[in-house]
Amino acid sequence: MKRRTLLGLTAAAAMAPVMQAARAKEDNWPNRPVRMIVPFPAGGATDIIARILADKLSASLGQSFIVDNRAGASGIIGQEAAARAPADGYTLLLTGNGPHAVNISLFERMPYDPLKDFAQISLTSILPLVLNVHPSVPARTLAEFIRWVKANPGKLNYASPGIGSPPNLTMELLKSQQGLDIVHVPYKGSSLALADLISGQVSVMFDNALASYQHIKSGKVRALAIGADQRLPSLPEVPTFVESGMAGFEAYTWTALVGPAGLPRAIVDRLARETALALADTSVKEKLSAQGAIAASSTPQELEDKTRQEIRKWAGVIEQAHIPRVSL
């Protein structure tokens, strides 16, 4: 018994310097530049949001946060690079709900698990989607649109930036909940889809608020509802889905800050606090608003819960819409 006790004390004594060294590293973090991977090309909404946040974190934490664009394969390349990085706080990922919560149900043999392979840190933004119709559609409200589609099944086509994209899945969710028959026309990107909506080649489309703004204001498309908690100051005439009688319907994309699994809890908590402070800054809110985004932070646990919920939600939508899995 004494021998086992002595062995235990010896092991504990041997581990003490290791644990102290690990805590010292966490306490000194960050003491060199931090890389923030973005799994999308430069210039897009997620990239711009990452750069806004990186500037604030650089100022508050005293080290440069450098955005590293690793685009490709619907965000999988950048996401995998972050998952495989050392969990030391010097590689982070500013991702979107597509790579982080949807891809696992869209692709076969995924190289990462969005929950097991990442430390969840904080939500960073909500990007509302707007339901737009061509002016030829005889509906000025969401309720009128739903009634008209039900009375004319299969007569409308809807555009999306591609199969499995947030606008595609959001429309499939709307169709499922309301029992609508609308034919999907996938495009290679939002700009092509929006151009055909404006020309009347297709009749309806979910799109982000920023891309839709000028066309709504000019009357080229008619916005029926927006997927935000409140009306946007830039589009005060567009009601929310809740105001339109669809409480609980979510029409938005989101971005979040995560790190590799095993990221020390002290670093996770510090990043979550600093992110919340950054997103509460008025200038940051204004910059995000200019990108059609709403600043939104969370605790690490809240982000984990949201990710689990979103994975289940979109897996169900994908299954009900009979969208086949894609090979990488």
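**Entry 1: pockets**

For volumes, I joined grid points across faces, edges and corners and took the space filled by probe spheres set on the points.

Before going on, I noted that this is a predicted model, in which local features need pLDDT of at least 70 and side-chain atom pairs count only at pLDDT 80 or more, while totals for chains, interfaces and linings use all residues. Residues are numbered from 1 along each chain as its sequence is written, and side-chain values use heavy atoms, with hydrogens and water left out.

I looked up the largest pocket and found a volume of about 1000 Å³. It is lined by 39 residues, and Phe 40, Thr 46, Ser 165, Pro 166 and Ser 190 are the closest to its centre. The largest share, five residues, belongs to α4. I sorted the lining of the largest pocket into 18 nonpolar, 19 polar and two charged residues. My classes were nonpolar for Ala, Val, Leu, Ile, Met, Phe, Trp, Tyr, Cys and Pro, charged for Asp, Glu, Lys and Arg, and polar for the others, Gly among them.

Next I turned to the second largest pocket, with a volume of about 660 Å³. Of its 30 lining residues, Ala 228, Asp 229, Gln 230, Leu 232 and Ile 294 are the closest to the centre. At least two lining residues each come from α8, α10 (282-289) and β10 (294-295), and α8 has the largest share with three.

**Entry 2: helix α8**

I then asked which residues of α8 are buried (under 20% relative accessible area; exposed is over 50%, partly exposed in between; 1.4 Å probe, protein chains only). They are Ala 209, Ser 212, His 215 and Ile 216. Seen down the axis of α8, the buried residues fall within an arc of 135°, so they line one face of the helix; the arc is that of the directions from the helix axis to the C-beta atoms. Their cover, by contact (heavy atoms within 4.5 Å), includes β4, α7 (190-199), β7 and β8 (222-226).

**Entry 3: salt bridges**

I counted a salt bridge when a side-chain nitrogen of Lys or Arg was within 4 Å of a carboxyl oxygen of Asp or Glu. The count is 13.

Arg 265 and Asp 269 pair at 3.1 Å, N to O. These two are four residues apart in helix α9 (residues 265-280), so about one helical turn separates them. Arg 265 is exposed at 53%, and Asp 269 is partly exposed at 26%.

Arg 70 bridges to Asp 68, with the closest N and O atoms 3.3 Å apart. Arg 70 is partly exposed at 32%, whereas Asp 68 is buried at 18%.

Arg 308 and Glu 304 come to 3.0 Å in their salt bridge. They sit four residues apart in helix α11 (residues 300-320), again about one helical turn. Both are partly exposed, Arg 308 at 37% and Glu 304 at 25%. I also noted that shared partners join Arg 35, Asp 68 and Arg 70 into one network of salt bridges.

Conventions. 1 Å grid on protein atoms, 1.4 Å probe; cavity = no way out; pocket = protein on both sides within 12 Å on 5 of 7 lines; lining within 4 Å.
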